[in-house]
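Welcome! Please take a moment to look over the model shown here, and then read on for a short tour.

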Amino acid sequence: MTDDTSVLTLKNLVFEPLLRWDKGSVSPGLFSHWTHTEDGCNWAFHIREGAVFHDGKRCVAEDIISFLNGILDAVDTFGMKWSYARYLKDARISADSDAILCVSNPKPIADIVDIFSEFYICRLDANGRPLLGTGSYRVSDYEPQKNVLLEKTNGASGPDRILALAEKHADMRYEQLRSGYVDAASNLERVDKALDFSPDYQWGKAVNTLSVMYYLNCSKGIFQSPAARFAVNHAVDSQAIADGIFRGLAVPSSTVVSPFHMGAVQANLSPIPFDRQKARRLLDGLDTSAEIELRTPTFMPERAPEISRFVAESLEAVGLKVSIKTELDRPEYARQIGRKEMGDMAIFDSSPHSTYRILNDKISSATKAVWWQGYHDDETEALIAAANETVDNSDRARAYARCLKRLQQNPPWLYLVHPVDVFAARKDLRGLSIDHKGTLNIF
């Protein structure tokens, strides 16, 4: 399983997340409610009454613990260890009863709710496939990379059956809708030409929490300098990338997270303005003689080569010398970035919808986690530590806002855009919506 939006859509139908993410906050999912001690070190999560897997087995705390243990020992799509084991390395997860799961940690762990919103609980079926969930739909037929047939399991709203077809090319998905072969098509923002938004169909779109950005190598080279990092953020016109390369289906970024992450509303930031003169002034006095190596894959993020050409030209316009190095193997590209083999700057897509995860996986020099690229700022580190120990939800949002503001003042990345996800469907089809994670909700 990955966090690709099509996969999230299917997971959301078949499995229940422990908690549901909603614009930076969480609401009940498989857990109906939860409590914690005042110090935020001990948490109790209650499984919703009547939760059963699709084979009729009651969902109990031990099922969730078994799933969590599997995740903590697993690797991601690129063969790299998940960060969840690091988050929970000191935590004790136990069953207080069949209906209550407890988490105890030596330090406050309010971000457990963010972490739990990413876990969609499943069990193995008779064939050893992880397809049994507690969601509104069960898998009745499945051909990997081809199709999956879902059938409604209870009296919830929504169609009785959903057939999801895998089609790699966005233009073909749109053509399947126009020909009447399918009722709805997702991820149409990826078509080769500008979408026509034909009035013959209903359309839905939402800004995604995903950030298209460049890691800047803060360990060596010119981007050890905060002035240089700030300069390249002024040198690149992110609005032009949104309007041109993404054909209007993107919005410029302001900091390390989207406008929908926890703390973003409280931070109330605008994008760093495009200003070539200021970029040149910031570069004055720095040694700009060395060529900057810009690294890019061919996809993930979408349009990565076109973005990289635009960024290279933008940096050259303010006096920097840039070469582009393209990696054709996308999983290997991710592994290289994880090994800190990133050149001077490398385009990437930052996908977690948890502010906690982004700060601790990608920014913090205390953790120096897999995606950290050498950034260190004492003020940022102190703000992250304070946010990590804040328990009250409103206080935690304000604490994260202070982190996000500081990370605009002293950026670790080149901030670019958040893509807009688009679906289209028959006009008479009701009960479809899309959220900021890109999940197509069917109800």
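## Surface, overall build and a few local details

The accessible surface of the protein chain is about 19,500 Å², and carbon and sulfur atoms account for 49% of that area. Such areas come from the Shrake-Rupley method with a 1.4 Å probe, and for residues only the protein chains shown count as cover.

This is a predicted model, in which local features need pLDDT of at least 70, side-chain atom pairs count only at pLDDT 80 or more, and totals for chains, interfaces and linings use all residues. Residues are numbered from 1 along each chain as its sequence is written, and side-chain values use heavy atoms, leaving out hydrogens and water.

The protein chain holds 14 helices and 21 strands, which are DSSP runs (helices: H or I, at least four residues; strands: E, at least two) numbered from the N terminus. Its C-alpha trace spans about 70 × 60 × 35 Å along the principal axes. Of the 443 residues, 53% are buried (under 20% relative accessible area; exposed means over 50%, partly exposed in between, with a 1.4 Å probe and protein chains only).

Now for some backbone details. Met-300 and Pro-301 are joined by a cis peptide bond with omega of about 5°. Pro-301 sits in the loop between β16 (292-297) and α10 (304-316), and Arg-303 lies in the loop between β16 and α10. Asn-268 belongs to the loop between α8 (264-267) and α9 (276-283).

Two non-glycine residues with positive phi are listed here:

| Residue | Phi | Relative accessible area |
|---|---|---|
| Asn-268 | near 55° | 66%, exposed |
| Arg-303 | near 65° | 13%, buried |
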